[in-house]
Amino acid sequence: GLGSSDSGGSGFSLAATALPERRRPGGGRPRYEVVRELGAEEVRWFYREDRKTWKPFIGYDSLRIELAFRALGSSGGGAGEPAAVEPVCVRSGLYEVDVASAESYPVYWNQTEKIPVMRGQWFIDGTWQPLEEEESNLIEQEHLNRFKGQQLQESFDMEISKPVDGKEAIHSLKLSRNHVDWHSVDEVYLYSDATTSKIARTVTQKLGFSKASSSGTRLHRGYVEEATLEDKPPQTSHIVFVVHGIGQKMDQGRIIKNTAMMRDTARKVEEKYFSNLATHVEFLPVEWRSKLTLDGDTVDSITPDKVRGLRDMLNSSAMDIMYYTSPLYRDELVKGLQQELNRLYSLFCSRNPEFEEKGGKVSIVSHSLGCVITYDIMTGWNPVRLYEQLLQKEEEELEEHWMSYEEQRLLEELYITKQRLREIEERLHELKASTISKPPVLKFKVENFFCMGSPLAVFLALRGIRPGTSGSQDHILPRTICNRLLNIFHPTDPVAYRLEPLILKHYSNISPVQIHWYNTANPLPYEHMKPSFLNPTKEATSAPDTESASAAPSPTTSPVMVRRHYGESITNIGKASILGAASIGKGLGGMLFSRFGRSSATPQTMETGKDGPEGDEKKATTVGTPPLPHSSSGFLEPTVELEHRIDFELREGLVESRYWSAVTSHTAYWSSLDIALFLLTFMYKQDQEETDKSNLDTL
């Protein structure tokens, strides 16, 4: 509650009332009955990101920071040289705190801006925001000088500030812009010394109001909740590497912000749906682009000056695709991502040695071009291999042609020479392998590979991948390499393509699985969702397109809608015209429609002329075990289904235009609650099943 509050005022006061009561005499651990120096558990450390309000560290982190701070010898009566203290690991291990410099910095990625940390001793009533450290130290020192050893009141009410009417201040302290009055040991108020505040205070006092109730801010010594080592984050059982696509050079650090958004969104989902599990999923950004030199500044030097801003944007974004298709730089991009993935995994395991021991899992979430590079690293695909396959095919075709004796003799010599060359290469490779064992491409097995807004299907199609007959993911990504492949896309994302039709052809006419909205009550598990056909009047060769109403893929306040079908919204007018022509029944219009129906529709489509578009939509939205497509639709009658669904589509929103959504949807995945729930559903699947099983066993 406190950690997520961005502002003072109501956010913190609500959080404060929801927290356990501050431990005082009569409840929990006995507190000192006389005024002494604050215990380590009463101090609370805070951090501040992006110049927002101070956020408290959890008790486990704060207590360890305070102990390190005291080890430096800079608090209380510590004398001598400050001891060297190791950085304190905080925030689920993602950051470290350097107590000496009062700064925090990330462990797994580089960040130019340091995150300041602050030691809180005195706090503002209601918001429980800390006073600035300099003022807090002065007040604490004055409090101890004046009241140390004195008896405290027996009861402490943190929620109600008792009026101090009629009480004169027994002690006062002047600060630079404020002053502090002690009305008793436990009743301390801060007053502003600005001119307007003085005037207001004088007026209200003349009207009969007390000085404190009119303009004072009550202060509390020690945080609302005492820090304990039990208040610690759960163990990480699953790490997710988040890989960026194009454009990182243009906006360096964007993947760090995007991953932070995804992590924060996942935390909310974890609290709501997976709080019963004792494990935790951690998201780590993989920033592979900025370390690459590639062509240096050659491309910049040949870029004309006119519309330079637009050209620079294209050089920093779309140019990454050209680099990847270049035989000169492709390997550098692949190696850059591969090394960064392995570096992060090794670093994580070195800091969390129990992760591998307890069978920790690794998943990858890739965006845009990052999906293609990640896929090629996992599968070891290389254009050289494709070139060798083409040469082999040419040789086979050449052997089938009639040849003269001389041609045949030369071909045999070439074949023997190549065979001999292969044998020498293999022997040389064996000798090298015996001295240097080649490490695996990745140091871990990938449990789930989530593609977001991915053009991977286009790359695979252009590499010659064609639909098979097995219905297995192994056709494009073997299960031995990656347990589960999932392709997530927004309906209007122009960069995203479907993968399922590359495995089984007839899935191009079966709609992707609709991702549940975050607030859907009792959603049907994805493995139980039966396939449904797309609009039957969809042409077999047309590209998927859907009317979208939102750039934001997850309007959590909107009701669940029946999905609109590919092609429907863009061709509403054209379709109505065709249906109108069919209703005439004669002439050229009827002939055109009947030809259209034969080439791309199922037999039921012919009746839509009577029902109109509404009837057509009603038929198309029927969900259940689909009837087999008619052979006249251009597809073979399917005898097999996919082992697991791969294509998952975000539901559309209710506002914004389809065209604006097409511009923004490619980057709209990071903060989506729907996607966060979807990712965690698959990553927590085994843990959830084990928990449910143990609960059943207990019952």
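Let me begin with two residues, Tyr47 and Phe57, both of which are buried, where buried means under 20% relative accessible area, exposed means over 50%, and partly exposed lies in between, computed with a 1.4 Å probe on protein chains only. What we are looking at is a predicted model, so local features need pLDDT of at least 70 and side-chain atom pairs count only at pLDDT 80 or more, while totals for chains, interfaces and linings use all residues. Residues are numbered from 1 along each chain as its sequence is written, and side-chain values use heavy atoms, with hydrogens and water left out.

Searching the whole structure gives 23 aromatic pairs; rings of Phe, Tyr and Trp (for Trp, its six-membered ring) pair if their centres lie within 6.5 Å, and planes under 30 degrees apart are called stacked, those over 60 edge-to-face, and the rest tilted. Tyr47 and Phe57 form a tilted pair, at 4.9 Å centre to centre with 50° between the planes. Because Tyr47 lies in strand 1 (residues 44-47) and Phe57 in the loop between strand 2 (55-56) and helix 2 (59-71), this pair ties together parts that are 10 residues apart in sequence. Helices (H or I, at least four residues) and strands (E, at least two) are DSSP runs, numbered from the N terminus.

The pair of Phe147 and Trp182 is tilted too, because its ring centres are 6.2 Å apart and its planes meet at 40°. It links distant parts of the chain, with Phe147 in helix 3 (residues 133-147) and Trp182 in strand 9 (residues 178-182), 35 residues apart. Phe147 is buried, at a relative accessible area of 0%, and Trp182 also counts as buried at 0%.

Elsewhere, ring pairs join Phe450, Tyr526, Phe648, Phe678 and Phe682 into a cluster.

Turning to the nonpolar cores, I use the term for a set of buried Ala, Val, Leu, Ile, Met, Phe, Trp, Tyr and Cys residues joined through side-chain atoms within 4.5 Å. The largest core has 109 residues, and those with the most contacts inside it are Phe241, Phe449, Phe678 and Leu679. Helix 20 (residues 673-683) gives the most to this core, namely 9 residues. If we leave aside neighbours within four places in sequence, Leu679 is in contact (heavy atoms within 4.5 Å) with Met262, Phe283, Val365, Phe450 and Ile488. There is also a second, separate core of 15 residues, which includes Val35, Leu144, Leu173 and Leu175.

How far apart are the end C-alpha atoms of helix 2? They are 18 Å apart, which agrees with the 18 Å that its 13 residues should span at 1.5 Å a residue, the expected span being 1.5 Å times one less than the number of residues. Among the buried residues of helix 2 are Leu63, Ile65 and Phe69, and also Asp61 and Glu66. The buried residues of this helix pack against strand 1, strand 3 (88-90), strand 4 (95-98) and strand 6 (115-120). After helix 2 comes Gly73, which has a positive phi, near 80°.

Finally, consider Asp376, which has its place in helix 12 (residues 369-379) and counts as buried at 2% relative accessibility. Beyond its neighbours within four places in sequence, Asp376 is in contact with Tyr324, Arg330, Trp381 and Arg463. Arg463 in turn lies over the face of Trp381, at 3.6 Å from the ring centre, the criterion being NZ of Lys or CZ of Arg within 6 Å of the ring centre and within 35 degrees of the ring normal.
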